[in-house]
Amino acid sequence: MSEDTAPKTGIKKTYLGIFALAMINVAAVLSIRNFPSMAIYGWSCIGWYVIGTVLFLIPISLAGAELATGWPQGGGVYAWVKQAFGEKDGFIALFCEWSNNLVWFPTVLSFIAATLAFALTPELTSSPFYMFSVMMIAFWGTTAVAYFGENASTKLSNFGAILGSIIPAVMITLLGVWWLATGQQLVIPDFSIGQLVPEISLDTLPFFATVVLLFAGMEMAGFHALEVRNPQTDFPKAIGISAVIIFFCTVAATLAIAFVIPANQLSLASGVMQAIQYFFDSAGLSGLVGPMAILITIGGVVNLAAWLIGPAKGLGVIAEEGNMPPMFDKTNKYGAPVAVLLTQALIGSAISLLYVFLPSVNQAYWILSAMTVELLCIVYFLVFAALIKLRYSQPDTPRPFKIPGGMVGIWIVGGMGAVGVVFSFIVGLMPPAYYDNTIGYVAAVLFGTFVLAVPPLIFLKLKKPGWVKGGQKEVLEDG
Amino acid sequence: MDKKHEFILVCLILVIAIVMLPVSFAVLTHGSDPYRIVAGDPIEAAAEKAGLAVCSETENTWNIPGAAGGRVYIISDNCDEPSETVRIETQAFDSADSRDAAIKAFHTNIIGKTGTHGNMIVFGQYLIFTDSSGGSILGKIVEKLDEY
């Protein structure tokens with residue numbers, strides 16, 4: 001991270017280095033939450049991870065590296081899709097990424113509150129008031145960090161990704177190695193190549209689709225393009241480093257859990273911290289459960305921060321270009337899009353309120369979760385399509401990082417990613433196995449997805465010449 | 001339309017699009033599962049009505065607040081030569097608050113940004129959890145649970 005001082009505001013402009021960029025992706029993607037769920041599959045978790053890596057992690061990493069170095073403007077996916085398909089599709093892509101977050105925020109906030117409760121008193125999770133209070137502190141606290149601009153949010157993601165994601169993953173892995181080295185009994189069957197192959201059937205299709213999107217968020221560093229001094233060289237390195245960290249931490253820590261906890265004890269119904277507790281109790285390190293809960297809570301906060309800040313910055317760029325009313329173009333002296341952050345925080349709080357206080361709701365959560373899948377698939381489909389299209393429409397634009405293999409290479413990478421997300425989109429419309437009202441479910445998911453994706457068309461319809469500021473950003477004075 | 005009205009209009013669009021319509025639609029069309037005490041063993045009864053066999057049954061208590069005990073069932077069409085098997089966990093809760101907290105916990109334990117693993121069904125004081133296997137058997141059991 002390096003800094004320059006802006007002459008007008010006197011505020012130091014922060015430039016992100018390779019490490020800081022890599023940590024943004026790590027914060028967005030690497031989550032301890034995934035490990036117990038994946039450990040149920042034993043050795044075949046490796047097969048599932050390979051599927052996610054081949055169908056998504058590698059394609060999105062390569063696509064992100066090529067697009068970010070070819071078009072290093074602010075806005076991330078917006079800038080890339082806009083180049084390929086125009087402003088409208090770019091706006092839709094970014095808006096889908098932003099609006100799916102608003103539906104997802106309550107789940108990650110609830111995870112943060114429940115994990116913290118585990119370190120304090122687990123019974124607190126039954127109190128809606130405790131849950132809502134902690135959720136709001138985490139949400140508005142993270143928004144406040146974003147308010148203080150790139151410098152503050154970079155420090156949070158650097159510090160938080162290491163403390164809350166990498167260190168817990170390494171600790172779990174080391175315990176797994178110790179378990180193995182001391183000759184303790186492994187609870188998974190003996191290794192064989194056949195054990196690595198995942199079972200793929202109609203019943204496991206929804207899980208297959210989940211695995212494809214397991215590494216969603218690898219494009220997050222692209223939103224910070226304006227804060228990178230040498231995007232052409234730094235982006236590919238950062239994306240490569242983050243992909244390697246995420247893959248190895250995920251596989252190693254998942255296997256470590258699979259070594260120690262029997263699959264029938266990994267009931268997902270009872271939660272991640274229960275699995276972590278079982279893991280540390282088995283190793284005779286019960287005293288570490290509380291500190292692990294704190295670290296995982298920090299991991300949840302930085303995961304939230306990465307998704308909260310990136311797309312909001314993208315929406316700020318769209319507002320700056322005059323596609324939203326000028327009120328949304330307001331940035332503060334730290335360069336943070338305050339109006340977008342405030343709007344996001346208010347809507348996120350309203351949804352969180354419903355999430356916590358609506359009693360006895362289960363199926364509605366399935367529907368909302370399915371909507372987030374569909375919206376994410378739209379985003380990534382547009383990104384992969386843009387990758388391919390730009391090779392045809394702008395072949396001469398310099399791309400310091402170019403996916404090797406010419407047009408064949410681009411079709412393999414873009415095609416693989418696009419097939420993966422189209423598959424996930426279709427499977428996302430399948431109701432849970434027990435659900436009897438299939439048409440109602442599909443209609444609800446499609447309707448919700450449409451409503452969450454359509455506002456850009458309304459904004460563009462209402463757009464006025466006065467909304468464009470000719471590059472002059474309105475700067476709010478603090479206080 | 002001045003700036004202030006524009007801002008209000010846009011906020012209304014965002015709130016209606018993001019909060020009101022999708023969330024209300026999802027909640028209103030799919031209802032809720034009020035807490036009530038169900039007597040007997042609903043899974044065993046539903047399996048029997050559906051012509052399925054309970055191959056094994058063990059006691060189990062989840063390590064979460066308010067969990068009051070439940071069972072793990074292995075259910076199949078034929079225990080000796082099964083063509084399909086499902087593992088079902090049930091757990092009773094001592095209050096609506098603790099049961100609803102467990103529902104939320106399940107929905108927050110997602111894989112990646114999007115996916116849950118398995119199915120969670122709410123039935124009276126019980127939460128019923130199954131992994132990804134045995135989809136058609138589960139469908140038959142749920143059908144009979146609705147008649148319980």
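This is a predicted model: local features need pLDDT of at least 70, side-chain atom pairs count only at pLDDT 80 or more; totals for chains, interfaces and linings use all residues.
Let's start where the chains meet. On chain B, 64 residues are in contact with 82 residues of chain A. Between them the two chains bury about 6300 Å². Carbon and sulfur atoms carry 68% of that area.

What about charge pairing across the boundary? The count of salt bridges between chain B and chain A is zero. Polar contacts do turn up: seven residue pairs across the interface, with both residues at pLDDT 80 or more.

Which elements of chain B build its side of the interface? Five of them supply at least two residues each: helix H1 (3-30), strand E3 (85-92), helix H3 (96-108), strand E4 (119-123) and helix H4 (135-147). H1(B) gives the largest share, 19 residues. By type, the side of chain B that touches chain A splits into 33 nonpolar, 19 polar and 12 charged residues.

Now salt bridges within the chains. Searching the whole structure gives 12 of them over all chains. I'll take a few in turn.

One is Glu66(A) with Arg399(A), where the closest N and O atoms are 3.0 Å apart. Why care about the location? Glu66(A) sits in helix H3 of chain A and Arg399(A) in the loop between H13 and H14, so this pair ties together parts 333 residues apart in sequence. The cut-off here is under 20%.

Next, Lys313(A) and Glu150(A). Their side chains meet in a salt bridge at 2.7 Å, N to O. Lys313(A) is in helix H11 (residues 289-320) and Glu150(A) is in helix H7, so the pair links parts of chain A that are 163 residues apart. Both residues are buried.

Stay with Glu150(A) for a moment. Its backbone oxygen lies 2.5 Å from a polar atom of the side chain of Thr154(A). Thr154(A) is in helix H7 (residues 149-181) of chain A. Thr154(A) is buried, at 1% relative accessible area.

Helix H11 has another residue to look at. Gly314(A) is in H11 of chain A. Its relative accessibility is 0%, so Gly314(A) counts as buried. How far is the C-alpha atom of Gly314(A) from that of Gly74(A)? The separation is 6.9 Å, for residues 240 apart along the chain. Leaving out residues up to four places away in sequence, Gly314(A) touches Gly75(A), Leu94(A) and Phe223(A).

On to helix H14 of chain A, residues 406-428. Here is a quick geometry check. The helix has 23 residues, and at 1.5 Å a residue it should span 33 Å. Its end C-alpha atoms are 33 Å apart, so expectation and model agree.

Which residues of H14(A) are buried? The list includes Gly409(A), Gly414(A), Gly415(A), Gly417(A), Gly420(A) and Gly428(A). Also on it are Ile410(A), Val413(A), Ala418(A), Val421(A), Ser424(A) and Val427(A).

Last, chain B on its own. The side chains of Arg87(B) and Glu89(B) meet in a salt bridge, 2.8 Å from N to O. Arg87(B) has 23% relative accessibility, so it counts as partly exposed. Glu89(B) is buried at 2%.

There is also a network of salt bridges in chain B. Asp41(B), Glu57(B), Glu59(B) and Arg71(B) are linked in it.

Thr90(B) lies in strand E3 of chain B. Thr90(B) is buried, with a relative accessible area of 4%. Beyond its neighbours within four places in sequence, Thr90(B) is in contact with Ile43(B), Gly70(B), Arg71(B), Tyr73(B), Tyr126(B), Leu127(B) and Ile128(B). Strand E3 is also among the elements on the side of chain B that touches chain A.

Terms used: Residues are numbered from 1 along each chain as its sequence is written. Chains are lettered from A and ligands numbered from 1 in the order in which they are written. Side-chain values use heavy atoms; hydrogens and water are left out. Helices (H or I, at least four residues) and strands (E, at least two) are DSSP runs, numbered from the N terminus. Buried means under 20% relative accessible area, exposed over 50%, partly exposed in between (1.4 Å probe, protein chains only). A polar contact is a pair of N or O atoms within 3.5 Å; within protein, one must be able to donate a hydrogen and the other to accept it, and residues adjacent in sequence count only if both atoms are side-chain atoms. The expected span of a helix is 1.5 Å times one less than its number of residues. A salt bridge is a side-chain nitrogen of Lys or Arg within 4 Å of a carboxyl oxygen of Asp or Glu. Contact means heavy atoms within 4.5 Å. Buried area is the accessible area (1.4 Å probe) that two parts lose on being put together, summed over both. Ala, Val, Leu, Ile, Met, Phe, Trp, Tyr, Cys and Pro count as nonpolar, Asp, Glu, Lys and Arg as charged, and the others, Gly among them, as polar.
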